[in-house]
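Here is a short briefing to read alongside the structure. Take a look at the chain and its ligand as you go through the points.

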Amino acid sequence: MPYLSVKEVTKKYQEFNMSLSFEAEKGELVCILGPSGGGKSTLLSLLSGIENPDSGDITIDGNSITRLPIHQRGIGMVFQDFSLFPSMNTGENIEYGMRIKSRKERKEKAKELLSLVGLPGYEKRKVTELSGGEAQRVALARAIASEPQILLLDEPLSALDAPLRKKLRGAIRAIHDATGTTMLYVTHDREEAFAIADRILIMKDGRNVAYGTPEDLYRNPPDLFTAFFTGEGTALPCTLLYGEGKEGYIFFRPESVTVSEEMLDGGLYPNHLVMNNVEVRSAEYTGPGYVLGLWFKGLPIIAFSPLKPKKRYISLMIMVDALIKVQS
Ligand code: ADP
Ligand code: MG
């Protein structure tokens, strides 16, 4: 039995219609990834009880929480804007919501959690004097302190600058691993999701578009939206490769392409798709190599090459195993 189960949950706001099912295992870190307006925050509101679904059921450990009031759900929340209590110091913020009764034990626990989030000795600090990164670490410690069954994080790093975001996402993954807390982490940043998720739920227009490990989604995207949302690549209509009447697209990643400056004889490479007379239109240096903007029979192709092509027309070869059939 899955730990968290979201079963055919629907919610309607004017034009927006959510209809969603997915499951998560105990101790998993699931990232909810998708474009703005896709329903990620709405999903968290339905889980926490801030909003009620129109229909469907949400269970944790087999028990329905769909009609439970917010405080009985055992759900913790971390938001983009930290939401710390300005009138309490750092230690008091963390003690708030702890289930432990004894004052002394609460203080000890707060101390322990501050070390866990990388802020040892911060108990007496005023929260108004914390930096953005520190405040988010405290918010995380406070959320963990209540020992939630599930911790929801809604774009927790969006308000921070890029280097700090990278550092803190690592810290969040480490805290997840140390505590075993089941986490649902909303982000619109693919790199962030790839870096920390056990599984990623791709959400668009209130739907579960794809769900899998980062590796799964990158190597085997089920549709064009997921293919391009999880990275760069080329989609060629099947009609181009297999003739009229063939539906869908063949998709491949830039690094699956081998570039040659010589004409290639397809007959010599039976397990490959071979293309000759491919025009080089751009070559952008990335450090490890070049991202090539190519043109073939009126269609754009993106390829990665360690070397910069010298010729204007080149040949490409892609292993058949690296070609992914996707729906539009
Ligand atoms: P995301 O977090 O993925 O950006 P949201 O869940 O915030 O998406 O929003 C999904 C859609 O639902 C949007 O079109 C938004 O305008 C709408 N929406 C969200 N909350 C409400 C609400 N309380 N009342 C009316 N419409 C809402
Ligand atoms: Mg949102």
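**The chain and its ligand**

The chain holds nine helices and 18 strands, where helices (H or I, at least four residues) and strands (E, at least two) are DSSP runs numbered from the N terminus. This is a predicted model, in which local features need pLDDT of at least 70, side-chain atom pairs count only at pLDDT 80 or more, and totals for chains, interfaces and linings use all residues. Residues are numbered from 1 along each chain as its sequence is written, chains are lettered from A and ligands numbered from 1 in the order in which they are written, and side-chain values use heavy atoms, with hydrogens and water left out.

**Overall picture**

- Along its principal axes, the C-alpha trace spans about 80 × 45 × 35 Å.
- Of the 328 residues in the chain, 46% are buried; buried means under 20% relative accessible area, exposed over 50%, and partly exposed in between (1.4 Å probe, protein chains only).
- Accessible areas come from the Shrake-Rupley method with a 1.4 Å probe, and for residues only the protein chains shown count as cover.
- Among contacts (heavy atoms within 4.5 Å) with a separation of 6 or more, 63% join residues 24 or more positions apart.

**Around ligand 1**

- The residues around ligand 1 are Y13, F16, P35, S36, G37, G38, G39, K40, S41 and T42; a residue counts as near if one of its heavy atoms lies within 4 Å.
- Helix α1 (residues 40-48) gives the largest share of this shell, with three residues.
- Taken alone, ligand 1 exposes 560 Å², of which the protein buries 60%.

- Helix α3 (residues 103-116) has 14 residues and reaches 20 Å from its first C-alpha to its last, close to the 20 Å expected at 1.5 Å a residue; the expected span is 1.5 Å times one less than the number of residues.
- R106, A110, L113 and L114 are the buried residues of α3. They lie on the same side of α3 because they cover an arc of only 100° around the axis, taken from the directions from the helix axis to the C-beta atoms.
- K104, K111 and E112 are exposed on the other side of α3.
- The cover over the buried residues of α3 includes α2 (90-95) and α4.
- After α3 comes G118, with a positive phi near 85°.
- Helix α4 (residues 132-145) also has 14 residues and reaches 20 Å from first C-alpha to last.
- α4 is mostly covered, with 13 of its 14 residues buried.
- After α4 comes E147, whose phi is positive, near 50°.

**N89 in its loop**

- N89 sits in the loop between β6 (75-78) and α2.
- Is N89 buried or exposed? N89 is buried, with a relative accessible area of 19%.
- The N89 side chain reaches the backbone nitrogen of E92 at 2.8 Å.
- Leaving aside neighbours within four places in sequence, N89 is in contact with E123, K124, R125 and V127.

Definitions and conventions
Polar contact = N/O pair within 3.5 Å; in protein donor to acceptor, adjacent residues only side chain to side chain.
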